[in-house]
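Here is my note on the model, as numbered points. Please keep the structure open while reading.

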Amino acid sequence: MRKILLLMVFSLAIFAKDLTMEIIKEVGNLPTINIEDSSAMFSDNLNKKFFKMLIADFKVTSHFRVNENYNKEDFDSSFDVSKYKNSDLIMRYELSFDFFGNLISKVKLYDAKLSQIAFQKIYKIKDVKKYPFLVHHIV
């Protein structure tokens with residue numbers, strides 16, 4: 001029995017291969033995204049922090065080239081594509097509170113190439129101090 005087990009282990013060792021993983025990062029044709037802030041109720045401090053964190057998270061994902069300019073626009077207004085000539089996507093968000101004190105972020109993602117809204121969702125979190133988790137969830 002030992003000889004059979006030894007023979008099996010030896011034969012497995014002969015045919016075993018080292019597994020390797022190759023990570024390729026392509027940066028060539030990433031879509032460009034612009035972010036617009038539509039929040040009116042909040043202090044500029046929270047708005048700017050939220051905006052900067054959104055930019056940082058989009059950069060970390062490496063799926064987009066992010067325009068870092070701070071843009072303010074009304075949430076329900078139409079998207080001005082001429083403002084962003086080389087942009088593929090425009091993300092617009094609005095921060096607010098609901099009746100229970102939850103921090104809410106309404107998000108619209110507009111596809112500038114197709115001239116239509118590609119995604120729309122409402123995100124919420126109970127504690128305002130945990131807004132970075134809300135940002136991570138949005139991205």
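1. Salt bridges come up first, so here is the cut-off: a side-chain nitrogen of Lys or Arg within 4 Å of a carboxyl oxygen of Asp or Glu. Glutamate 68 and lysine 59 form such a pair, with the closest N and O atoms 2.2 Å apart. Both ends are partly exposed: glutamate 68 at 48% relative accessibility, lysine 59 at 41%. For these classes, buried means under 20% relative accessible area, exposed over 50%, and partly exposed in between (1.4 Å probe, protein chains only).

2. Ground rules. This is a predicted model, in which local features need pLDDT of at least 70 and side-chain atom pairs count only at pLDDT 80 or more, while totals for chains, interfaces and linings use all residues. Residues are numbered from 1 along each chain as its sequence is written, and side-chain values use heavy atoms, with hydrogens and water left out.

3. Overall layout. The chain has three helices and six strands. Along the sequence they follow the pattern α-β-α-β-β-β-β-β-α. Helices (H or I, at least four residues) and strands (E, at least two) are DSSP runs, numbered from the N terminus. Of the 139 residues, 36% count as buried. The accessible surface comes to about 10100 Å², and 59% of it belongs to carbon and sulfur atoms. Areas come from the Shrake-Rupley method with a 1.4 Å probe; for residues, only the protein chains shown count as cover.

4. Contacts along the chain. A contact means heavy atoms within 4.5 Å. Among contacts with a separation of 6 or more, 55% come from residues 24 or more positions apart.

5. Strand 5 (residues 103–111) and strand 6 (residues 116–125) run antiparallel and are joined by nine bridges. Two strands pair if DSSP finds at least two bridges between them. Valine 107 has lysine 121 of strand 6 as its bridge partner. Four residues separate the two strands of this hairpin. In the turn, serine 115 has a positive phi of about 55°.

6. Which parts of the chain does the salt bridge between aspartate 37 and lysine 72 link? The N to O distance is 3.8 Å. Aspartate 37 is in strand 1 (residues 32–37) and lysine 72 in strand 3 (residues 71–72), 35 residues apart. Aspartate 37 is buried, at 0% relative accessible area. Lysine 72 is partly exposed, at 45%. The structure holds seven salt bridges.

7. Another of the salt bridges joins aspartate 76 to lysine 108, at 4.0 Å from N to O. Aspartate 76 lies in the loop between strand 3 and strand 4 (89–97) and lysine 108 in strand 5, so the pair ties together parts 32 residues apart in sequence. Here aspartate 76 is exposed, at 62% relative accessibility. Lysine 108 is buried, at 8%.

8. Aromatic pairs. The whole structure has five of them. Rings of Phe, Tyr and Trp (its six-membered ring) pair if their centres lie within 6.5 Å; planes under 30 degrees apart count as stacked, over 60 as edge-to-face and the rest as tilted. Phenylalanine 50 and tyrosine 131 form a tilted pair, 6.4 Å centre to centre with 35° between the planes. Phenylalanine 50 is in helix 2 (residues 44–61) and tyrosine 131 in helix 3 (residues 131–138), so this pair ties together parts 81 residues apart in sequence. Both are buried: phenylalanine 50 at 0% relative accessibility, tyrosine 131 at 13%. Ring pairs also link Phe50, Tyr93 and Tyr131 into a cluster.

9. Why is the pair of phenylalanine 58 and phenylalanine 64 called edge-to-face? The ring centres are 5.4 Å apart and the planes stand at 85°, so the pair is edge-to-face. Phenylalanine 58 is buried, at 4% relative accessibility. Phenylalanine 64 is partly exposed, at 21%.

10. Charges over rings. The criterion is NZ of Lys or CZ of Arg within 6 Å of the ring centre and within 35 degrees of the ring normal. Lysine 48 lies over the face of tyrosine 70, 4.1 Å from the ring centre. The charged end of arginine 92 sits over the ring of phenylalanine 79, 4.0 Å from its centre.

11. Last, threonine 32, which is in strand 1. Threonine 32 is buried, at 13% relative accessible area. Leaving aside residues up to four places away in sequence, threonine 32 touches Arg65, Asn86, Ser87, Asp88 and Leu89.
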